[in-house]
Amino acid sequence: MQKFDVIIIGAGAAGLFCAAQAGQKGLRVLLLDNGKKAGRKILMSGGGRCNFTNLHAQPGAYLSANPHFCKSALARYTQWDFIDLVNRYQIPWHEKTLGQLFCDDSAQQIVDLLLSECATGQVTLRLRSEISAVAKTAGGFELTLNGGQVCAPQLVVACGGLSMPGLGASPFGYRLAEQFGLNVLPTRAALVPFTLHKPLLEQLQTLSGVSLPSRLTAEDGTVFNEALLFTHRGLSGPAILQLSSYWQPGEHISIDLCPQLSLDELIDSERLTQRNLSLKNCLAKALPRRLVEVLQQLEIVPDVSLKQLNSKQQAALTETLHQWRIQPNGTEGYRTAEVTLGGVDTRGLSSKTMEAISVPGLYFIGEVVDVTGWLGGYNFQWAWSSAWACAQAL
Ligand code: FAD
């Protein structure tokens, strides 16, 4: 039986960062992962450039049954702390949009940073580790692995959520929480594209690849102003991914296809100078032409000139284009979701240390916990902040 001070399950963002911090405190740390590479999601993130944090990270950007839970960790290890670390490694980065910080070159640099921090902390990293049993003993926790048994007085669960099973996602963390009597809140795919019902899907499929600025509103009133993308399966793009976290099956979403400009005003002003202009050509000044053509096929845009468009038609048209109500069929699910909503109930954890209140020595960090961020670097920031808070307590 090999003994350690801490065993961490999951060498993703949270596990790697926590292991490094704990190791650098002088603790003997074992970091386990069932994959053959550490930080697989980091490598895939941000289109290969890793959106590693957000300048505007703050508790309001996180969903949780207890919205206060994330406050302490986010305040104690902030986006500025992680930016300092990235700067110390001289990794060039840039702000893309809305405070989202990306590596200029490659997400591999963030993984290398984390591995180098782990090496400084003399962390033992064991990949391809299959954990078949976890038992509580008087001295802490005993784990049965392929290749022997290991034990430690402290166990950190950092095995993430269910999104992207192809990248190693598993329900292991939730099952472990349940094994130790913790409550696990229902999970749901989030930051995920919407699929559409048949007739509408077929009508919109020719728009696959078309993107435009939009303003999306969920039934609970949550609003996002970001790009919308039509795909061959339905709707995607940052605005849709964001809204998916606030959407429940059966609900409608409202899409403003032209949030930057009043289409009423555009039509009125164009009519003053070009009465014979077709409505289609007028709208194409503000919207992608392919979209206008499809909306005409759907009879949302009448095939008339501006002088023929009567006020009733104009009111109905502009209302639809600024508040297009669509009922998604569903989401693409965990296969393509960036994160998982729900998870280990924060009511059973200390917000200061991430330790299970009823099981001293057992900690949960990162995505396995019921804290889910918006799109844009917020989820990695939660991984860094929760990992740091936990490491201080180990
Ligand atoms: P993970 O990073 O998922 O790590 C969990 C680890 O546990 C994995 O390595 C897994 O192999 C391991 N594991 C699972 N089960 C077991 C088991 N039974 N035994 C041993 N090990 C196990 N967020 C952002 O903030 N910015 C982005 O740019 C961004 N882009 C993303 C792109 C994609 C394609 C995806 C899928 C997600 C993206 N996210 C992004 C979300 C972000 O990746 C996650 O929120 C973050 O990785 C969560 O960190 P974690 O350490 O909790 O879990």
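Analyst: The account below begins with the ligand and then turns to a pair of helices beside it.

The model is a predicted one. Around the ligand stand 28 residues, of which Ala14, Asp33, Ser170, Glu367 and Phe380 come nearest. By class, the residues of this shell comprise 11 nonpolar, 12 polar and five charged.

Several polar atoms of the protein face oxygen atoms of the ligand. From the side chain of Asp33, a polar atom lies 2.6 Å from a ligand oxygen.

Which elements give two or more residues to the shell around the ligand? They are helix H1 (13-24), helix H2 (40-44) and helix H13 (378-393). The most is given by H13, with three residues.

H1 and H13 also meet each other. Their axes come within 8 Å and cross at roughly 30 degrees, and the crossing is right-handed. On the H1 side, the contact is made by Ala13, Ala14, Phe17, Cys18, Gln21 and Ala22. H13 contributes Phe380, Ala383, Trp384, Ala387, Trp388, Cys390, Ala391 and Gln392. This contact of H1 with H13 contains 12 nonpolar residues, two polar residues and no charged ones. Ala14 and Phe380, which belong to this helix contact, are also among the residues that come nearest to the ligand.

Terms used:
Residues are numbered from 1 along each chain as its sequence is written. This is a predicted model: local features need pLDDT of at least 70, side-chain atom pairs count only at pLDDT 80 or more; totals for chains, interfaces and linings use all residues. Side-chain values use heavy atoms; hydrogens and water are left out. A residue is near a molecule or strand if one of its heavy atoms lies within 4 Å of it. A polar contact is a pair of N or O atoms within 3.5 Å; within protein, one must be able to donate a hydrogen and the other to accept it, and residues adjacent in sequence count only if both atoms are side-chain atoms. Helices (H or I, at least four residues) and strands (E, at least two) are DSSP runs, numbered from the N terminus. Ala, Val, Leu, Ile, Met, Phe, Trp, Tyr, Cys and Pro count as nonpolar, Asp, Glu, Lys and Arg as charged, and the others, Gly among them, as polar. Axes are lines fitted to C-alpha atoms, for helices over the stretch in contact, and angles run from 0 to 180 degrees between N-to-C directions. A crossing is left-handed if the near helix is turned anticlockwise from the far one by less than a right angle, and right-handed if clockwise. Contact means heavy atoms within 4.5 Å.
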